[in-house]
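User: I'm new to this one and would like to learn how to read it. Could you walk me through it, feature by feature?

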Amino acid sequence: MTKYQVRKIINYVNLSASIVVTLFGLAMLAWILTVLFGKGFHYLNWAVFSQMTPPPGESGGLLNAIVGTLALTFLAVLIGTPIGIMAGTYLAEFGMKSKFSSVVRFINDVLLSAPSIVVGVFVYTLVVAPSGHFSGWAGAIALSILVIPVVVRTTEDMLKLVPIPMREAAAALGAPRYKVTISIVYKAALSGMITGVLLATARIMGETAPLLFTALNNQFWSVDMNQPIANMPVVIYQYALSPYEDWQNLAWAGALLITISVLLMNIMARYTLKSPTSR
């Protein structure tokens, strides 16, 4: 056989293997979603959104867990987003190829791939252990640490996509560097930066491990961030492992809610990332 025929066979084998693996992954995903929607949708009702988490054997819902999750997610994004944007801006606009920037990128890559339970143990040692109790603030801090590397990576990548002539044109008009970054570069990369924030939000909404070590859970209504606070991931985890059927049903409903929320976040991120001309 000629070299061309060998390359063609290798390409065919690799392409076929890629298609098979892709179909396998899609089949597993479809299976999971089918089971989740089939069981979760059956137990999704108004009580889930209007009643507190119940004791075993009684009816109830997930209102306190939903509110707690929204509070933790909002605070985590509020804390992590400015830090991530500033770090990403430094890497793309000011640090560029400096040694310090290389160190920051390496640390960010480590955080991006680090298991979330490691972050939970870190915040437990840093915040929970010295204070002597679990708290919503500790949970928000743990989640914000997970937000930062995602926002840093997307911010840096989106700012690098802004053409250099745009910066040079603004500088030629006498605009200072910070003005160029804020008024020109940020505006051009805004959709991509928002996408990064949405992806980070979608990631932390379903995180359980960090909250087990920080916010823990609360069976009752509470919005006091200095105390343990109810949240969807931990409630789903505890209810799914319980021997009570009514708790397991609520766990299915909660898992469906989390899945729908993450799905909507990813759809919003994809839509936001599109340029106005491609819509």
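Analyst: Let's begin with the largest pocket: α3, α6 and α7 (164-172) each supply at least two residues of its lining. Helices here are DSSP runs (H or I, at least four residues), numbered from the N terminus. This is a predicted model, where local features need pLDDT of at least 70 and side-chain atom pairs count only at pLDDT 80 or more, while totals for chains, interfaces and linings use all residues. Residues are numbered from 1 along each chain as its sequence is written, and side-chain values use heavy atoms, with hydrogens and water left out.

User: How is a pocket defined, and what volume does the largest pocket have?

Analyst: On a 1 Å grid over the protein atoms alone, a pocket is an open set of points with protein on both sides within 12 Å along at least five of seven lines; a cavity is a set where a 1.4 Å probe fits but cannot get out, and lining residues have an atom within 4 Å of a point. A volume is the space filled by probe spheres set on the points, which are joined across faces, edges and corners. Here the largest pocket comes to about 200 Å³. It is lined by 13 residues, and A92, E93, M96, I164 and R167 are the closest to its centre.

User: Which helix gives the most to the lining of the largest pocket, and which classes of residue are there?

Analyst: Helix α7 does, with four residues. For classes, Ala, Val, Leu, Ile, Met, Phe, Trp, Tyr, Cys and Pro count as nonpolar, Asp, Glu, Lys and Arg as charged, and the others, Gly among them, as polar. The lining of the largest pocket has seven nonpolar, six charged and no polar residues.

User: What about the second largest pocket?

Analyst: Its volume is about 150 Å³. Both α3 and α12 give two or more residues to its lining. Among the lining residues are F49, I66, T69, M205 and L257.

User: How do I check a helix, say α6?

Analyst: Compare its length with the expected span, which is 1.5 Å times one less than its number of residues. The 25 residues of α6 (residues 136-160) should span 36 Å, and the end C-alpha atoms are 36 Å apart, so the two agree. For cover, buried means under 20% relative accessible area, exposed over 50%, and partly exposed in between (1.4 Å probe, protein chains only). In α6, 19 of the 25 residues are buried.

User: Is S242 buried or exposed?

Analyst: Buried, because its relative accessibility is 8%. S242 sits in the loop between α11 (232-241) and α12 (245-273). A polar atom of the S242 side chain lies 2.7 Å from the backbone oxygen of Y239. Leaving out residues up to four places away in sequence, S242 touches W247 and Q248, where contact means heavy atoms within 4.5 Å.

User: And where is T272?

Analyst: T272 is in helix α12, and its relative accessible area of 16% is why T272 counts as buried. T272 and M193 are 79 residues apart in sequence, yet 9.4 Å apart in space, C-alpha to C-alpha.

Terms used. A polar contact is a pair of N or O atoms within 3.5 Å; within protein, one must be able to donate a hydrogen and the other to accept it, and residues adjacent in sequence count only if both atoms are side-chain atoms.
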